[in-house]
Each structure stands twice: as structure tokens, then as C-alpha cells.
Amino acid sequence: MNAIFKRVSVRKYTNAKVENEKIEKLLRAAMAAPSGGNQQPWQFLVIDDPALCEKLGETSPYSKPATAAPLNIVPIMDRRGARFPRIAEQDMSACIENILLEAVEQGLGAVWQGVYPEPDRMNHIRALFGLEDELEPFAIVSIGYPESEPHAQHERYDEAR
């Protein structure tokens, strides 16, 4: 529960590079997510090149954190061969949440920026990385060491709900 309640959206980072072993743990967490029929419809782009991060930040008006992040992970939805293609979005969302929670465990900050199902955002990322049309960019997860200590999440529990 600690990681769940400590997780907040972090949009400003130091310049410190995220270590390869931490990146691997983030990806392991993503791939451990529940998946309908164990279809695992995900692939991941790991971007730490500042020039590419800058271009990734042009995906939408809300993707500016990607520009300053030392690391961006772009989960890609691949429905080819999926047993249950209509629930792939749920699988993708679960894998992203696992990345966010593992980032907290690693002392990192992260923010989830939506891409799917917006065609202009998806096409921007497809063009930037030369992706096939069948591969659907799902989100941008910007990650880095927080510029300042993140504030604790506000209590959201509502018994009436």
C-alpha cells in the first residue's frame, strides 16, 4: 500500500540519468501485469536520447514532461495474435500502473501521458520511430529523479462510492 499511496504524478526531474538496472526493473514490473488470456499485447520503446525526448514532448499539449525527462517509456499496443484483442487496452493500462508503482519503489518520479486513442498523437509517435500501422502507441511514461520531494497524495477514499 505504501507505493500506491506515495505515487503521485511527477513532471519535473533532475538531469540525473536513470540507471540501466532500474530501467530493467521498470520493464519487468510492466511485463508482470495481469493480461487477459495472458496475451501480453505490449512492446516498449525506451527513450533516453535528449533529442528524441524533445520530439516526444511534441506529441500533444500535455506531453511536455517528456521533453525534460531523462527517460521516457512508450508502451506500444500490439494486438496481432491477441486472443482477446478488445481488452488489450485494459492490459496496457495495468502494465503502465505497474511501471508507475515500481518507479516509486526505485525512488523515481513518473507521470502517465495519454496517447491512445488519439490518432494525431499515435501518428506522431509512429512517424518519429518508424512504427508499423499495426503498432498502436498507447502512452508516454516520463520518468526521472524528482526535482523536489513529491507531495503526498490527497486522501481519495469516499465511503459513499
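Author: Contact here means heavy atoms within 4.5 Å. The model is a predicted one. Start with I73. Leaving aside residues up to four places away in sequence, I73 touches L26, L27, F44, L45, I99, A139, I140, V141 and I143.

Now widen the view. The largest nonpolar core has 25 residues. I73 is listed among those with the most contacts inside this core, along with L26, F44, C95, I99 and I143. Several elements build the core. Helices α2 and α5 each supply at least two residues, and so do strands β1 (42-47), β2 and β5 (139-144). Helix α5 gives the largest share, 7 residues. A second core is separate and has 12 residues, including I47, L56, L135 and I140. In soluble globular proteins, nonpolar side chains tend to be buried together.

Next, the charges. Side chains of opposite charge can pair when their charged atoms come close. The structure holds 6 salt bridges. Three of them follow.

Take R28 and E24. Their side chains meet in a salt bridge at 2.8 Å, N to O. Both sit in helix α2 (residues 20-31), 4 residues apart, so about one helical turn separates them. R28 is exposed, with a relative accessible area of 55%. E24 is partly exposed, at 43%.

R79 and E136 form another salt bridge, also listed at 2.8 Å, N to O. This pair links distant parts of the chain, 57 residues apart. R79 lies in the loop between β2 (71-78) and α5 (88-105), while E136 lies in strand β4 (residues 135-137). E136 counts as buried because its relative accessibility is 15%, and the cut-off for buried is under 20%. R79 has a relative accessible area of 22%, so R79 is partly exposed.

E132 is in the loop between α6 (119-129) and β4, and R80 is in the loop between β2 and α5. The pair therefore ties together parts that are 52 residues apart in sequence. E132 is partly exposed at 43% relative accessibility. R80 is partly exposed too, at 45%.

How values were computed: Residues are numbered from 1 along each chain as its sequence is written. This is a predicted model: local features need pLDDT of at least 70, side-chain atom pairs count only at pLDDT 80 or more; totals for chains, interfaces and linings use all residues. Side-chain values use heavy atoms; hydrogens and water are left out. A salt bridge is a side-chain nitrogen of Lys or Arg within 4 Å of a carboxyl oxygen of Asp or Glu. Buried means under 20% relative accessible area, exposed over 50%, partly exposed in between (1.4 Å probe, protein chains only). A nonpolar core is a set of buried Ala, Val, Leu, Ile, Met, Phe, Trp, Tyr and Cys residues joined through side-chain atoms within 4.5 Å.
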